[in-house]
Each structure stands twice: as structure tokens, then as C-alpha cells.
Amino acid sequence: MLEKLHIIHLFGNGLLAYIFTAVAVICGSVVFSVCAKWFLNKIETILKNNK
């Protein structure tokens with residue numbers, strides 16, 4: 001996704017671009033896991049209430 005938005009090449013092709021990409025991927029993974037956990041907990045609550 002970062003490549004499609006051309007954000008990777010914002011800092012050139014050096015070390016700074018690599019560090020930015022690594023940090024962005026880690027932050028994206030954390031945000032995704034938090035959202036997935038919230039969503040799965042919501043589904044679990046709905047299923048428990050239906051029983």
C-alpha cells in the first residue's frame with residue numbers, strides 16, 4: 001500500500017526511506033491487530049447474546 005501511494009520514495013532510496021518503511025509497516029500491523037481484536041470481540045459478544 002505504501003508503494004502504491006508512492007510514499008516509500010518520499011525520502012529517496014537511502015537508509016531513511018528504509019527506516020520510514022519499516023516503522024510504517026510495524027505501526028500498520030499494530031493498528032490492524034487492534035482493530036481485528038476489537039472486531040472479533042464484538043462478534044463474540046453478539047454471538048454470546050444470541051444464545
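1. Helices (H or I, at least four residues) and strands (E, at least two) are DSSP runs, numbered from the N terminus. With that in hand, the fold is quick to describe: the protein chain has 1 helix and 0 strands. Helix α1 covers residues 15–50.

2. A word on the ground rules. This is a predicted model, in which local features need pLDDT of at least 70 and side-chain atom pairs count only at pLDDT 80 or more, while totals for chains, interfaces and linings use all residues. Residues are numbered from 1 along each chain as its sequence is written, and side-chain values use heavy atoms, with hydrogens and water left out.

3. Now the overall shape. The C-alpha trace of the protein chain spans about 55 × 15 × 5 Å along its principal axes. Its radius of gyration is 17 Å, whereas a compact globule of 51 residues would have one near 10 Å. Here the radius is taken over C-alpha atoms, and the globule rule is 2.2 Å times the number of residues to the power 0.38.

4. What share of the chain is buried? Of the 51 residues, 4% count as buried, where buried means under 20% relative accessible area, exposed over 50%, and partly exposed in between (1.4 Å probe, protein chains only). The protein chain exposes about 4800 Å², and carbon and sulfur atoms supply 73% of that area. Accessible areas come from the Shrake-Rupley method with a 1.4 Å probe; for residues, only the protein chains shown count as cover. Within helix α1, V34 is exposed at 53% relative accessible area. N50, also in helix α1, is exposed too, with 62% relative accessibility.

5. Do have a look at the nonpolar patch on the surface, formed by W38, F39, L40, I43 and L47. Together these residues have about 550 Å² of accessible area. Patches are made of residues with over 30% relative accessible area and no salt bridge; like charges are joined within 9 Å, and nonpolar side chains (Val, Leu, Ile, Met, Phe, Trp, Tyr) within 5 Å. One of the members, L47, lies in helix α1 and is exposed, with a relative accessible area of 51%.

6. Which side chains meet in a salt bridge? They are those of E44 and K48, at 3.5 Å from N to O. The term stands for a side-chain nitrogen of Lys or Arg within 4 Å of a carboxyl oxygen of Asp or Glu, and a search of the whole structure finds 1 such bridge. E44 and K48 are separated by about one helical turn, because they are 4 residues apart in helix α1. E44 is partly exposed at 38% relative accessibility, while K48 is exposed, with a relative accessible area of 57%.

7. Finally, the cysteines. A disulfide is a pair of cysteine sulfur atoms within 2.5 Å, and by this rule the count comes to 0.
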